[in-house]
Amino acid sequence: MSSAPENNGRRRFLTLATAVVGGVGTVGVAVPFIKSWNPSEKAKAAGAPVEHDVTKMVPGQLVRVKWRGKPVYVVRRTEEVLAELEKGHLEQLKDPDSKEDQQPEYAVNSHRSPNPEFLVALGVCTHLGCAPTYRAGDFEEIVEGVSNGFFCPCHGSKFDMAGRVFNNVPAPKNLQVPPHMFQADGTLLIGLDEGDA
Ligand code: FES
């Protein structure tokens with residue numbers, strides 16, 4: 001049939017086209033794409049990931065990063081805080097094992113983070129949305145035996161350094177942990193994780 005050469009030509013064209021698209025796709029998802037991620041202000045407001053360089057943070061420091069119009073608390077935990085989380089105060093918490101859907105799967109652990117050194121959580125109380133205050137070193141006035149945590153001044157909710165809510169307060173759930181990931185150079189990306197990258 002006279003169409004055979006035509007079919008062969010078409011097949012060759014499709015093979016080539018697929019290879020080119022495949023090549024572009026590979027480049028598109030490669031690491032440099034993530035490294036050069038630089039969304040516009042408009043894109044950030046709409047929910048695009050935001051970056052924060054955590055390498056400059058000192059232990060104990062809290063930085064507020066705006067994502068989707070909300071404050072995200074990024075805290076570099078101290079050795080003392082890590083030891084406190086390790087020791088646990090689990091019987092005092094409403095949801096110590098993060099059973100509620102308030103974090104990605106990789107943050108279901110005792111520090112609610114893929115990187116124990118950093119807490120990344122929305123600074124929005126799960127009661128009525130006030131901003132909890134970071135109480136570094138003087139939280140014991142609020143919860144006996146626990147030196148660091150967050151206190152919501154609106155109606156008295158209390159959270160530990162993994163953002164877990166204490167018993168007998170109005171907030172019903174742990175602070176929400178947004179999707180996030182750390183790049184090799186220490187940049188934190190909020191709003192994006194390994195599954196999207
Ligand atoms: S808004 Fe935080 S306790 Fe009510």
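Biologist: Let's set terms before we start: buried means under 20% relative accessible area, exposed over 50%, and partly exposed is in between. What is the relative accessible area of Cys-130?

Modeller: Keep in mind that this is a predicted model. Cys-130 has a relative accessible area of 22%, so it is partly exposed.

Biologist: And which residue does Cys-130 join in a disulfide?

Modeller: That would be Cys-154, with the two sulfurs 1.9 Å apart. Cys-154 is partly exposed too, at 36% relative accessibility. The angle about the S-S bond is -95 degrees, and the link is left-handed.

Biologist: How many disulfides does a search of the whole structure find?

Modeller: One. As for other cysteines, Cys-125 is buried at 5% relative accessible area, and Cys-152 is buried at 2%.

Biologist: OK, on to the inside. How many residues are in the largest nonpolar core?

Modeller: It has 17 residues, and the ones with the most contacts inside it are Val-75, Phe-150, Phe-159 and Met-161. β3, α4 and β4 are the elements that each give two or more residues to this core. There is also a second, separate core of 14 residues, with Val-50, Val-54, Trp-67 and Phe-118 among them.

Biologist: Which way do the side chains of β4 point?

Modeller: Phe-118, Val-120 and Leu-122 point one way, Leu-119 and Ala-121 point the other way, and all of them are buried.

Biologist: And how do β3 and β4 run, parallel or antiparallel?

Modeller: They run antiparallel, joined by five bridges. If you want a spot to look at, Val-72 stands opposite Leu-122 of β4.

Biologist: Let me switch to rings. How many aromatic pairs does the structure hold?

Modeller: Four. One of them is Phe-118 with Phe-182: the ring centres are 5.6 Å apart and the planes are at 35 degrees, so the pair is tilted.

Biologist: Which residues do ring pairs link into a cluster?

Modeller: Tyr-73, Tyr-134 and Phe-150.

Biologist: Now charges. How many salt bridges are there?

Modeller: The count is seven. Take Arg-76 and Glu-117, whose side chains meet at 2.8 Å, N to O. Arg-76 is in strand β3 and Glu-117 in the loop between α4 and β4, so the pair ties together parts that are 41 residues apart in sequence.

Biologist: What are the accessibilities of those two, starting with Arg-76?

Modeller: Arg-76 is buried, with a relative accessible area of 18%. Glu-117 is partly exposed at 29%.

Biologist: Which residue does Glu-100 form a salt bridge with?

Modeller: Lys-173, with the closest N and O atoms 4.0 Å apart. Glu-100 is in the loop between α4 and β4 and Lys-173 in the loop between β7 and β8, so the pair ties together parts that are 73 residues apart in sequence. Glu-100 is partly exposed at 36%, and Lys-173 is partly exposed at 33%.

Biologist: One last thing: which residues do shared partners join into a salt-bridge network?

Modeller: Let me begin with the bridge between Arg-135 and Glu-141, where the closest N and O atoms are 2.9 Å apart. Arg-135 is buried at 19% relative accessibility, whereas Glu-141 is exposed at 64%. Salt bridges that share partners join Arg-135, Asp-138 and Glu-141 into one network.

Technical notes: Residues are numbered from 1 along each chain as its sequence is written. This is a predicted model: local features need pLDDT of at least 70, side-chain atom pairs count only at pLDDT 80 or more; totals for chains, interfaces and linings use all residues. Side-chain values use heavy atoms; hydrogens and water are left out. A nonpolar core is a set of buried Ala, Val, Leu, Ile, Met, Phe, Trp, Tyr and Cys residues joined through side-chain atoms within 4.5 Å. Buried means under 20% relative accessible area, exposed over 50%, partly exposed in between (1.4 Å probe, protein chains only). Helices (H or I, at least four residues) and strands (E, at least two) are DSSP runs, numbered from the N terminus. Rings of Phe, Tyr and Trp (its six-membered ring) pair if their centres lie within 6.5 Å; planes under 30 degrees apart count as stacked, over 60 as edge-to-face and the rest as tilted. Two strands pair if DSSP finds at least two bridges between them. A disulfide is a pair of cysteine sulfur atoms within 2.5 Å.
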